[in-house]
Every structure is written in C-alpha cells, then in structure tokens.
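Dear colleague,

I am handing over the structure below, together with some notes on what was found in it. Please read the notes with the structure open beside them.

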Number of protein chains: 2
Amino acid sequence: MRFGFVNEDNMSILTDLYELTMAQVYFKDGMNKTAIFDFYTRPVENRSYLLNAGLEQLIYYLLNIRFTDEDIDYLRSTGKFDEDFLSYLKNFRFTGNLYAIDEGEIIFPNEPVVQVEAPLIEAQIVETFLINTLQLPILVATKAMRSYSVARGTILVDFGLRRSHGTDAGMKAARASYIGGFAGTSNVLAGKEYGIPIFGTMAHSFILAYGDEKKAFQAFAKVYPENAVLLVDTFDTVKGVENAVKAMKEMGMERFKGVRLDSGDLLKLSVEARKILDSNGYKDAIIIASGGINEYKIKDLLDRGAPIDGWGVGTELVVSADLPYLDCAYKLVEYDGRPVMKLSKKKVTLPYKKQIYRFYEDGKIKYDLITAYDEEVKGGRPLLKKYIENGELVADLPSLSKIREKAIQNFETLPDEMKDINSTVHHLPHVSSKIKETVERIIKKIKGEI
Amino acid sequence: MRFGFVNEDNMSILTDLYELTMAQVYFKDGMNKTAIFDFYTRPVENRSYLLNAGLEQLIYYLLNIRFTDEDIDYLRSTGKFDEDFLSYLKNFRFTGNLYAIDEGEIIFPNEPVVQVEAPLIEAQIVETFLINTLQLPILVATKAMRSYSVARGTILVDFGLRRSHGTDAGMKAARASYIGGFAGTSNVLAGKEYGIPIFGTMAHSFILAYGDEKKAFQAFAKVYPENAVLLVDTFDTVKGVENAVKAMKEMGMERFKGVRLDSGDLLKLSVEARKILDSNGYKDAIIIASGGINEYKIKDLLDRGAPIDGWGVGTELVVSADLPYLDCAYKLVEYDGRPVMKLSKKKVTLPYKKQIYRFYEDGKIKYDLITAYDEEVKGGRPLLKKYIENGELVADLPSLSKIREKAIQNFETLPDEMKDINSTVHHLPHVSSKIKETVERIIKKIKGEI
C-alpha cells in the first residue's frame, strides 16, 4: 500500500516519459547546446488579466532537482534507458538560467512569464513539472484577486482545502489565494509552511453532536471566548442567531466574534442576523458567509447591501471552477542561437530570448512590449528578472506578505475596464519589429520548404 | 524557501483549522463517544454514474496519521491549543472502523461511499483530508470511464500531468484514470509508485531543436526502434506523415510504431495519414491523436470513421473539466447511538450506521437499497465492506490492475440508458422504511423545537 506522495527526492521523475526519452536521444546525439524555452498563457474568454504566482516553488524545484538511485533503478527497470544516460542522470543538476516575472505581477496572454535558458537536455527535462507548478497558482491567485476586487474590504478566507484536487493543490491554493488578496486560509499546514494566517469556525457536525445549538455554542465559546464564530444554520438560521445571542448572554459575554451563515438567502438572512445581533448589544459581532461563494455572489450581495463582513470561499476558488485550466505552454524559442517556432494557424510562439517592457500612463498599464532580450528600449519597466544563473539563485525572494502587498498595488494599475469581473477586454502585448520580422522570415522559410 | 510538500509526517495538519479547534472543545468537554460519519456525493446534472476510486490512499492515511513534535510545536505557537490537548494529539491514532465501497465500483448519489465509525474526535479530525483524498480520484476515474465507454477498444493514455492541479493531482489522476479503463499514463512517478504502464511519444520542441523533421524522426527511431511514435504536426501534418515514412524507409525500417497528430481536423488528417502509411507498407503503424481530447471528441471521431488507434487524453481528463468538483460531503449521522441529521430543504442526510444493497436484473443494476446496518434484507449484494477495524486493516487490498479489471466489468452492469455519455438518467437509491421513519421523526422533533 502506497499513498504516492511527491517529495524533493522523487519530484525529478514526476514528469512525462517523453521528456526522458527525448533527453536520452539528445544525449546520445550530442544535442545539448543552449536552448531557450518560454512558458506563457494563451488568451481566455473570461479573464481580462492573470495574476502571477507559483514562482518560488518552481525555483525550489530547479535548485533541488536530482535523480536518486532508487528512481534511476526504476528507470533502468523500464528497459527504455541505457547505462550511459542513467549515469548522466545520476549527476544531473539544473545548471541554466531562469528569467521570470515576479509573483504578484499582473500578466497577460502571449507574454513569457518564465523563460528557461539552459543546455537543451536540462531545459527539456524540467518542462512537465514547470507547467504543473505554475498553472494552478496562476489560476487561483487570479480567481482570488477577482474576489478581492469586489469585496470592498470585507475579509476573504480560503476554505477550499477539502475540495482542492489533492494534497498539493490544497497547499498551492492557500498560498496563491493569499497572494491574491485573501486574509488567510483554513489550511493548517499552509499556515505552518508559508506563515499564512489561519482561520476557522465550526461545522454542522459540532452542533449535531451536542444535539442542541445553545449547548454547542457555549461549549465552543468557553474554550475560545475570543474566537467563537458560531455556525447558525444547522436547523433554522434566524433561530440559530437567536440561540447564539441567548447562549452568549447566559454566559455573560459582552461581546463575541460572530456568526456564520452557510446556506439560504444570504441577503435576507444577513440582514435579519445583523438586526438580532445589534438589538442585543452585539454590534461588534461579525457575519461570515460561506457555501458556494464566488466573486459574482460577493459582488451581488454587497451591491444589494448585505451586511456581510467576511467570506469563506471554498470550492470554486480552489478549483478555479469557471476556468479549471489555462491554455498554457512551454515552447522552444531558440536553439543554439537559432530562433525557432512551430507553425500553427491559431497559436503564436515568438522566437528569441526576450524581455517584456511595461508602459504606464497616469499610473495605469498602457501596454506591454515584447522585445528580443538585447533590443534597446526607451522607458518601460522590464518585467523579466534573472532569478537563477548557472544553476544558482541570484535574486532575493520576497516574503509572501510582500508579494501579497505588491499584488494588491499592482491590481490598482489595471485600467478600470479590465478590473470588472465581467470584463472581456483583452490586452495583448505589442511585439517589437525585430521579433515580428523574424516570425515572418521563419514562416516564409518553413512554407518554402513545405 | 519551501516547496510545501505534503508527506506522511505532516499530512495530519493538512486539515481545516476548525477540525482541530472543535476537537479541542470535544476533548475538554469529554465529548468522545462513538460517532458515525458518511461520505457521499449529491446528484450532478452531467453524470449518470460515478466510478469509485481513492480508497487505498484514504486507508493509508487512516492507518498512518500521527502528529509529529514539529507540527505540535506549530499548533502550540498559534496560541489556540492547550497542553492537555496537545498531549492528546501527540498520542493520537485512528482507532475506529472504516466501511467503504470498493474502488472500481459504480456509485450513485446519496449513498455512503465511505462510513467512518470512531470516537468523535478521531472521526472529526480526519474529515478534511478524507474528502480531499476521495473527491479527485472519483472525478477522474469517472471521466476516464466515460472515455473508455466510447473508445471501442482503442488505447487511452493519460497525458495530463502538466495540467493537473499540482503534484498530487497528477499522481491521483494517473491512478484513477487507470482504474477507469486507461491503458497507462505518461507520468513516470505514477509508473514507479503504482506500477502503471508508462507511455510517451515526442514533443514539438524535439523537432524544432533538430530543425528538420526527418532528422528528428531518425534520431529518435535510432534510439527507440521499437517505440517511435513520431509527432507529425509541427509544420504541416500531411507532409509530416510523408516525412515520417521517408525517414523510416531511409533507415530501412520495415515497421515502426506510429505517428501522433496533435492538432487540426483529426478526422481528415487521420484518414490521410492512414492512406500514406498503408500505401507505403506501414499497415501496422498506429495513429495516436492528442490535443484537447475528451470523451465527446473520441465518440464523434470514431462515429465518423476516423482511423485512430489511440488517444493521449490530457487536460480535460485530469481536471475533470466539465465537472471540476463534486458536491460531496462528510456528515455526522449518528452520535453515541443517537441518529442525527441536519435540517435542510434541498440536501438529504440519512441518519444511522448503514449498509447498501445492490439489486440486479439480467446482470444489470436494478436499484440500490440503503438500510440501517443491522436491518435484514433478502437478496442484494452488500456494497459497504469493513476495511479497518479498531484502527487495523482487516481486508485485503486488491491490486490496481484487479481494481481496473473489476471497474470494466462493473461498467457492463450499468443499464444501457446510463452508459451513454450524454445520459441525464439518474439512479437514486431506495431507502428502507426504518431510515425513512427516523428521518420523519427527527424532522418533526426539530420543527417542534423550533
């Protein structure tokens, strides 16, 4: 019986088989000049912008990837690999460079979010894990920022661990939603590993086990007098709030943290709950809403004046329910100094090692310009930063709270028409004429050959 | 810098904070009689049936959950827990019972797929991880089975690792899709950990690095003469197939494994590819299709006669794109011998420790009957099996290939109208009169009290 945990020892073979078989062919053919790969996303209908996240985990991977003897033994057992290549893997390290846009930056489609410059074999082998590590954090950070953008200062907490896609998704979702402006998570391990504030209330089972709301509320408040958010909808929400008030009064509590509504008409129920709390002197008690919450519901409820102070946002956040995957890719753009691209009617790959410059007007993003790395550009803020050089970390990694702070500031640089959660405005980067001309030259060459 | 890997040492705190705060209240109150919790799913529009998976990982968790000193130190640092409770956690073991439906069984909404019978604190603490561990495998096994059901014997391979939601999701998706009838996965670590057959072809970057299709094909076939599936759509698919044939002929190869089409009109291109392969004596060479494949496309292409022999199914499979989460729950149904339930207009929780009996007619499932555990029932196959008793494994765990075999057999027991991937037929279980009467009695009691 095995769980199949992924860890730093075995993460190297959490990869598609073809990365390793191609690598063996490159190895035997002596094909190992410098390659440049871009990771980028393609436009999606229902997102005007994306928020970058997941970079720290990618850096961890690139700095620590190793093939253990045990994994090499497994590879040998498949009959697909020869001893010379297995010896190469035994000493494998990532020795290349990583250029990347910071976590917490706004990113747009067709821009290289991450660029790997390394000997071809290394750059190829890291492909699968790299995409796996970046996609979900970008999805969840973006989804979180959308909630943040309509929450008007109310508190957002990630409640999604149980519905996230496995253990690692729960960790990534907690971290990414924090970057996207959430106040914290219910995920205790994420609290420990990343230093994210942790939050919790109580479950229906807690009420049912006591069999009586008042008893249950009092039992909880006795142990957590400062921190009791009482779940009031197990039987009937209004009666539940009344029972909460009665229970707290009987205990002589002059204040308590608040109540949580997990079902029903949240506008109507939050208004009634507020009245009951206020009229009983619990003006400080907050109202938390949960149960199928997303950015659309938050906006709608606040627009209609619901006196809700905080939100437990779960499932739809952590699986990014209205966009459960990104159309993203990791594509070879240069090999041994030669710009390359795949020919495709719909999908664009831009050749060359690149830089992105972001231009602003009145503090708002005006456009991004993608250039070859060595082109001279006046003005504009370069977005790609060198994080790894020759396999070594060469940039400081900001703290998670710093990333979160920057993300919130960066959100303010979005043009207003892109901030709207219903916006379908897309902002495609400009491309320098050097790149454009190369694209045309390569297309001509390929078409000529065909 | 931390990745935040989850492992057997820290999995105990991969949980919602409220599980632990409620547990501390139970602990201080001496509330620790036997509780029974049901894990079940609720009906969803676009799935007539679900395929059960993920149980082995849950069992692993229940047998191995421990709180390490490091994690207890973290809990202490939060200021939310007292020493007496932290000491309790230090010696925490799961000492209860687990009843579960086998992996590879067809499951229906509202049925307890898993039932935990344990001291309340233990049954509560395991909630979050339990749901996290089961949901994705059920989603992906089901989605895989839907592809299997329309694939007419063509080969299905999981290509989704890069787009799965994090590392663990990639592992769970590989395992679950294998259970659902897939032939294997591209995920090398899943091959190692679970013994699943691994498959791979080549990437566009491989062609681009060589700069010439024929050269690239020959380089690959030289190293993998038996196993070269040549990717032919980098520039132009038809020319790509012709180049594949030329390349293999030049090498004097009388046969080669096949080609992969990753874009374009797969019907038209597969027909043309088949012609080129056949007319050049490569009748055994297979055609693999990939790129946005799902069960609807497989059915459509095979219905229209596409000569496709195998499928790389990626993104939509592993994120279960048309159903990225299950409406599933883990609910207290009995505490200290007292049947309990939450009152809700739409959602049903059935009280009692239970059994499910499946009735067949002419080899097809007729209906399931949910009863209290000790009710006498004539005929019917009991679905809930005791896997863990007093914290110890008491049932044999079948091999993954055995589970897969059973799943494929079980699919055949579905009524024909439910097998259709567009079916909206739902099969809700019957409920014994003992349970029904108890539900009514409890509702009356709660409403009376309100």
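Asp322(A) and Arg47(A) form a salt bridge in which the closest N and O atoms are 2.7 Å apart, a salt bridge being a side-chain nitrogen of Lys or Arg within 4 Å of a carboxyl oxygen of Asp or Glu. Asp322(A) sits in the loop between α14 (315-318) and β12 (328-335) of chain A, and Arg47(A) in the loop between β1 (34-41) and β2 (50-51) of chain A, so the pair ties together parts that are 275 residues apart in sequence. Here helices (H or I, at least four residues) and strands (E, at least two) are DSSP runs, numbered from the N terminus. By the salt-bridge rule, the count over all chains comes to 84.

Before going further, please note that this is a predicted model, in which local features need pLDDT of at least 70 and side-chain atom pairs count only at pLDDT 80 or more, while totals for chains, interfaces and linings use all residues. Residues are numbered from 1 along each chain as its sequence is written, chains are lettered from A and ligands numbered from 1 in the order in which they are written, and side-chain values use heavy atoms, with hydrogens and water left out.

Between chain A and chain B, about 10,200 Å² is buried, 62% of it on carbon and sulfur atoms; buried area is the accessible area (1.4 Å probe) that two parts lose on being put together, summed over both. The contact (heavy atoms within 4.5 Å) takes 114 residues from chain A and 114 residues from chain B. The count of salt bridges between chain A and chain B is 14, and Lys192(B) forms a salt bridge with Asp71(A), their closest N and O atoms being 3.2 Å apart.

Turning to helix packing, the axes of helix α2 (residues 55-64) and helix α6 (residues 127-150), both of chain A, come within 8 Å and cross at roughly 155°. Axes are lines fitted to C-alpha atoms, for helices over the stretch in contact, and angles run from 0 to 180 degrees between N-to-C directions. α2(A) and α6(A) are therefore roughly antiparallel to each other, where angles under 35 degrees count as roughly parallel, over 145 as roughly antiparallel, 65 to 115 as roughly perpendicular and the rest as oblique. On the α2(A) side the contact is made by Leu55(A), Gln57(A), Leu58(A) and Tyr61(A), and on the α6(A) side by Phe129(A), Leu130(A), Thr133(A) and Leu134(A). The residues of this contact divide into six nonpolar, two polar and no charged, with Ala, Val, Leu, Ile, Met, Phe, Trp, Tyr, Cys and Pro counted as nonpolar, Asp, Glu, Lys and Arg as charged, and the others, Gly among them, as polar.

α6(A) also packs with helix α7 (residues 167-179) of chain A, at an angle of about 45° and with the axes 8 Å apart, and these two helices are therefore oblique to each other. Among the residues that make the contact are Leu136(A) and Val140(A) of α6(A) and Lys172(A) and Ala173(A) of α7(A), and by class the contact has eight nonpolar, three polar and one charged residues.
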